[in-house]
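Open your viewer and get ready to select residues by number. We will go stop by stop.

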Amino acid sequence: MGANVTSRSWRILEGGKYHVVQLRHNNVSGRRILLLDGKEIWQSMKVMDVAENVHFEINGKQGVVKIGVDYFTYTYLCLYQGRPMPEMTFDIMDYKEQGYQCKIPVVNVEIVKGKKVAVFRVEMTHQGQTEVFRKRFRDFATFDDYLRGGFEGHHLLQNLPKLPPKQFTLFTNHFSKEFLEERRRGLEEYVNKLCRIPKAVANPDFVAFFTKKNKAKKKKPQEQVQDSKTRDRRTSKGRGATAALGKGSQKAKSTVRSADPRVSDGEGEGPIEVRF
């Protein structure tokens, strides 16, 4: 939604667990999105500054997010079963250090959809468990916009660390050893500074950005039947040809690795040779 987004989040205890209601509001385009536990359940586009009530329900119980207009500013309020809910950044004060630690040890240079890109290997450790993510710089930029939107109007906004600045490709080689190392180090420092701010770590956008998503898609029944027929038609000769093809593809993917251990070739659609 861009840098003009304001984000507000409310924590609701229902059925023995906490649920998070989150509103994202772009004050320029007028786009408004409501999420429940990270899933989008409503959106609208309001060009004019108009008030609006957005209804939701949890386990059959009703709630509403009220968007108000007070002269040139917006107000946001969440009611659940008629009771106001605490906003996660402004109202809840019991956050503690969560012990997050981030490492970004490797930059992968890959070809994705015919375009050369840099992908960062992000290792986030929390409570002794380490999750590994693949993130591009534009992913960090979007995340930073959303996170700052959650602190709009809060004194902690000034304490949030700054994302490494964007650089124009016209003046900077984005795939040089020096640039990749500087950006890798800057992103690692940026995330670790966020990890030391309890309210930032508790923010729903922080949690979503550093949570593994299950991308497995269920096949349609027709596709499953087709797959079954295909498997039945396979012969030993066909399997042998497939194995030979796999061996050839494996050989074709050999690449020249950088001498810098923090910069490596990618694992995308076409790893490329990196020379410094």
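Which residues form a nonpolar patch on the surface? Select V47, M48 and V50. Together they have about 310 Å² of accessible area. Keep in mind that this is a predicted model.

Stay on V50. It sits in the loop between β4 (39–45) and β5. V50 has a relative accessible area of 32%. That counts as partly exposed, because the value falls between the 20% and 50% cut-offs.

Next, select N59. You will find N59 in the loop between β5 (52–58) and β6 (61–70). Look at its backbone: phi is positive, about 55°, although N59 is not a glycine. Is N59 buried or exposed? N59 counts as exposed, because its relative accessibility is 57%.

Now select Q81. This residue lies in the loop between β7 (73–80) and β8 (83–84). Q81 is not a glycine either, and its phi is positive, near 55°. Its relative accessible area is 46%, so Q81 is partly exposed.

Last stop: helix α2, residues 177–195. How far apart are its end C-alpha atoms? They are 27 Å apart. The helix has 19 residues, and at 1.5 Å a residue it should span 27 Å, so the two values agree.

Now colour the buried residues of α2. Among them are F179, L180, R183, R184, L187, Y190, V191 and L194. E181, G186, N192 and C195 are buried too. As you turn the view, remember that an α-helix has 3.6 residues a turn, so residues three or four places apart point the same way.

Key: Residues numbered from 1 in each chain as written. Predicted model: local features only at pLDDT ≥ 70, side-chain atom pairs only at ≥ 80, totals over all residues. Heavy atoms only, no water. Helix = DSSP H or I, 4+ residues; strand = E, 2+ residues; numbered from the N terminus. Buried < 20%, exposed > 50% of the residue type's maximum accessible area, 1.4 Å probe, protein only. Expected span 1.5 Å × (residues − 1). Patch = residues over 30% accessible without salt bridge, like charges linked within 9 Å, V, L, I, M, F, W, Y side chains within 5 Å. Areas by Shrake-Rupley, 256 points an atom, 1.4 Å probe, with all protein chains shown as cover. Salt bridge = Lys/Arg side-chain N within 4 Å of Asp/Glu carboxyl O.
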